[in-house]
Amino acid sequence: MPPRCPPASVVFLPFLYPALFRSLPRVPRAGLSTSTPASISSATEDSRDRPESPTTNDTIPISRLNPSPDDYAISSFADKAKITILAGGGGHGCISFLREAFLANGPANGGDGGHGGNIYIQAVQGENSLHKLARRRIIRAGRGKTGQGSNRGGARGEDVIIQVPIGTVVREIDRIDPMVEENVLYHQAREKEREYEKLVREAEAAARASEETGIGESTALRLNMDLPEPPEHPNAHKFVLYPGMSSGERRNLSLPRLPIRERLFAQPDPPIHLDLSVASPRPILLAAGGLGGLGNPHFVSKDRPRPLFATKGERAIRMQLELELKLLADVGFVGLPNAGKSTLLRALTRSRARVGNWAFTTLQPNIGTVVLDNHKGRPIVKPKSAVGSSPSHSVIHDATFGSVVVSKQHSQVQIGEAPEPLKRFTIADIPGLIEGAHLDRGLGIEFLRHVERASVLAFVIDLNAGDAVKAVKSLWTEVGLYARMREDEERERETSERIDWQGDGVNLARGRMVVADLPEPVTQPTGLHIASKPWFVIATKGDLPETEENFNNLKTYLDAVTDGKEPHPSNVEHAWTEDCVAIPVSAIHGQGVDRIIHWTLVLLDD
Ligand SMILES: Nc1nc2c(ncn2[C@@H]2O[C@H](COP(=O)(O)OP(=O)(O)OP(=O)(O)O)[C@@H](O)[C@H]2O)c(=O)[nH]1
Ligand SMILES: [Mg+2]
């Protein structure tokens with residue numbers, strides 16, 4: 001582990017140089033409340049008991065880091081979508097015969113129907129939201145075209161690729177597969193046909209017996225007349241009949257067995273559950289289109305030289321899917337409302353997140369990308385192999401902090417290849433959390449899943465809003481409770497997936513419940529899947545006076561957590577406490593942000 005976050009080389013913080021800041025005027029901004037709602041964590045309640053302090057930024061000129069509340073970019077965002085997908089049905093086969101001069105009854109030449117289009121899904125870079133899909137709701141692939149005369153096959157239906165952001169989880173909720181339904185209907189029709197065949201056999205036997213005993217033809221005829229109407233051919237609904245067929249031809253029509261056909265694309269088994277946490281190199285099949293019908297030449301035989309039928313295209317599958325986006329940021333900001341998360345995101349990235357001096361300014365997650373380059377004093381990450389050392393590590397060259405060894409981390413490096421330099425990492429800024437967020441109070445719970453997948457958690461604490469230690473503890477408590485709740489949910493889902501219905505696909509009442517042979521889910525939720533992540537605290541608004549003591553207390557507490565004298569603030573056992581640091585910053589002045597980048601890179605390496 002590299003050394004703890006080194007001290008800043010820039011002079012800016014009031015508790016480092018109090019005299020510089022003592023003279024700041026304490027003028028609250030008129031018309032804007034600086035207090036937080038009553039429900040906000042007890043940590044913020046403390047601030048109301050304190051003497052009024054200059055929490056507003058009237059003295060600071062409007063800038064990119066202190067923008068007016070109207071200066072922000074709106075981006076449509078949805079992290080959940082329910083969609084119905086319909087694969088394309090197959091086109092029907094064609095009934096046609098060659099017609100030429102001097103050839104009145106030419107051979108059959110109906111083309112096959114085209115196959116229906118498939119529906120695929122692909123996780124791609126550059127997509128950040130599911131709002132387009134949420135609005136679209138129904139997605140259809142193209143239907144195969146019907147075959148034509150002169151053996152011309154129908155065109156294939158168009159495929160559809162649903163592009164989703166990386167981090168999307170896809171779950172199948174419902175599926176209607178016409179092939180399964182048809183299978184059931186076929187077996188029912190076949191049953192009826194067998195019963196009828198039995199009746200016919202009995203009638204014939206009776207007729208033969210009566211002929212032998214000399215009862216006479218009339219009794220046999222009567223027996224025949226007692227027979228019910230013959231049932232329809234079990235596959236009759238799968239055929240298209242020649243419209244010009246006479247009723248006699250229709251009555252004498254004997255339909256053949258359908259040939260067994262290989263599917264080009266195998267329909268994935270239910271239930272589909274995909275976790276698209278990396279960009280998909282190629283689209284993944286969700287719903288396969290129906291097979292196209294066969295033209296009448298397929299049914300030509302010695303007994304049937306001119307088949308007056310072709311087959312219909314297969315009806316296609318219909319599925320209901322639930323998409324859930326868990327943004328895959330490297331760092332997740334967690335903080336109380338109005339702590340300064342969005343300002344910090346603006347300071348670290350080119351984000352234009354909305355900033356305002358009231359709680360819940362941010363209503364949807366913002367993602368910012370920190371670009372590491374040499375031009376703006378940001379550290380650059382070079383593969384260590386380039387400086388003659390282990391190829392699995394890289395080095396940050398940073399004027400302020402010297403060189404720190406950092407591994408190649410997120411860059412997807414093949415074994416044997418030189419590691420790629422880390423060029424950027426992403427940060428998710430989510431709406432503020434309030435006490436009871438895990439019980440769905442406030443807005444936070446909805447969005448905690450976006451930080452659930454972050455590699456590093458950064459707790460943004462407003463040094464001017466009361467006891468920072470209390471704030472860290474209350475935030476971690478919410479996150480810990482949320483983590484346990486999620487583990488519980490996951491366990492329930494796993495249990496329900498273990499149970500399946502096994503039947504013969506014919507008689508639905510004759511199935512039985514089976515429990516799949518999957519590993520038993522973990523018995524007790526621990527919350528460790530979040531609590532084991534590396535984390536640190538960003539103590540912001542350090543430019544405001546009288547924040548020094550608060551920061552010092554926070555630092556002492558975090559040192560105690562690191563040394564094991566204090567438990568992890570979430571009280572989760574075996575949680576990450578290797579090196580809990582607090583970095584003082586003033587986001588509004590853009591001061592201290594390089595230290596955040598530096599420390600993030602160190603933690604990303606863990
Ligand atoms: N003095 C000072 N004010 C700051 C600093 N950072 C943010 N602020 C102010 O604090 C207020 C809240 O900032 P935001 O960035 O909107 O806070 P937030 O945490 O994103 O708030 P929510 O989105 O509501 O959760 C704004 O008025 C900022 O100008 C800082 O470093 N120093
Ligand atoms: Mg915000």
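Student: What should I know before I start clicking around?

Tutor: This is a predicted model, so local features need pLDDT of at least 70 and side-chain atom pairs count only at pLDDT 80 or more, while totals for chains, interfaces and linings use all residues. Residues are numbered from 1 along each chain as its sequence is written, and chains are lettered from A and ligands numbered from 1 in the order in which they are written.

Student: OK, how many helices and strands does the chain have?

Tutor: The chain has 12 helices and 21 strands. Those are DSSP runs numbered from the N terminus: helices are H or I with at least four residues, strands are E with at least two.

Student: And how much of the chain is buried?

Tutor: Of its 606 residues, 39% count as buried. A residue is buried if 20 or more other C-beta atoms lie within 10 Å of its own, exposed if 12 or fewer, and partly exposed in between, with C-beta atoms placed from the backbone.

Student: Which residues have the most contacts inside the largest nonpolar core?

Tutor: They are Phe459, Ile461, Val472, Val537, Ile538, Ala539 and Leu554, in a core of 97 residues. A nonpolar core here is a set of buried Ala, Val, Leu, Ile, Met, Phe, Trp, Tyr and Cys residues joined through C-beta atoms within 7 Å.

Student: Which helix gives the most to this core?

Tutor: That's α9 (residues 468-498), with nine residues. The core also draws at least three residues from each of domain 1 (39-76 + 327-372 + 425-491 + 527-604) and domain 2 (80-177 + 235-325). Those bounds come from an automatic or database domain assignment.

Student: Let's zoom in. What does valine 537 touch?

Tutor: Leaving out residues up to four places away in sequence, valine 537 touches Phe459, Ile461, Val472, Leu554, Leu558 and Ala582. Two residues are in contact if their C-beta atoms, placed from the backbone, lie within 7 Å. There's also a second, separate core of nine residues, which includes Cys94, Phe239, Leu308 and Ala310.

Student: Back to α9: is valine 479 buried or exposed?

Tutor: Valine 479 is in helix α9, and it counts as buried because it has 28 C-beta neighbours inside 10 Å. Neighbours within four places aside, valine 479 is in contact with Val334, Leu448, Ile530 and Ser570.

Student: New topic: which residues are closest to ligand 1?

Tutor: Gly340, Ser342, Asn357, Thr362 and Gly432 are the closest of the 26 residues that surround ligand 1. A residue is near a molecule or strand if its C-beta atom, placed from the backbone, lies within 6 Å of it.

Student: What classes are in that shell?

Tutor: The shell around ligand 1 has nine nonpolar, 14 polar and three charged residues. Ala, Val, Leu, Ile, Met, Phe, Trp, Tyr, Cys and Pro count as nonpolar, Asp, Glu, Lys and Arg as charged, and the others, Gly among them, as polar.

Student: Which helix gives the most to the shell?

Tutor: α7 (residues 341-348), with three residues. Eight of the eight residues of α7 are buried, and what covers them includes β11 (331-335), β12 (366-371) and α12 (593-604).

Student: Where is asparagine 338?

Tutor: Asparagine 338 lies in the loop between β11 and α7. Its phi is near 70°, a positive value in a residue other than glycine. With 26 C-beta neighbours inside 10 Å, asparagine 338 counts as buried.

Student: And proline 281, buried or exposed?

Tutor: Proline 281 counts as exposed because it has 8 C-beta neighbours inside 10 Å. It lies in the loop between β7 (273-276) and β8 (284-287).

Student: Where is there a cis peptide bond?

Tutor: It joins proline 270 and proline 271, with omega about -10°. Proline 271 is in the loop between α6 and β7.

Student: Last one: what does UniProt say about residues 186-213?

Tutor: An unreviewed UniProt entry annotates them as "coiled-coil region". UniProt positions are given in the numbering used here, feature names are shortened, and annotations may be inferred rather than shown by experiment. In the model, that span is 100% helix and 0% strand, and its end C-alpha atoms lie 40 Å apart.
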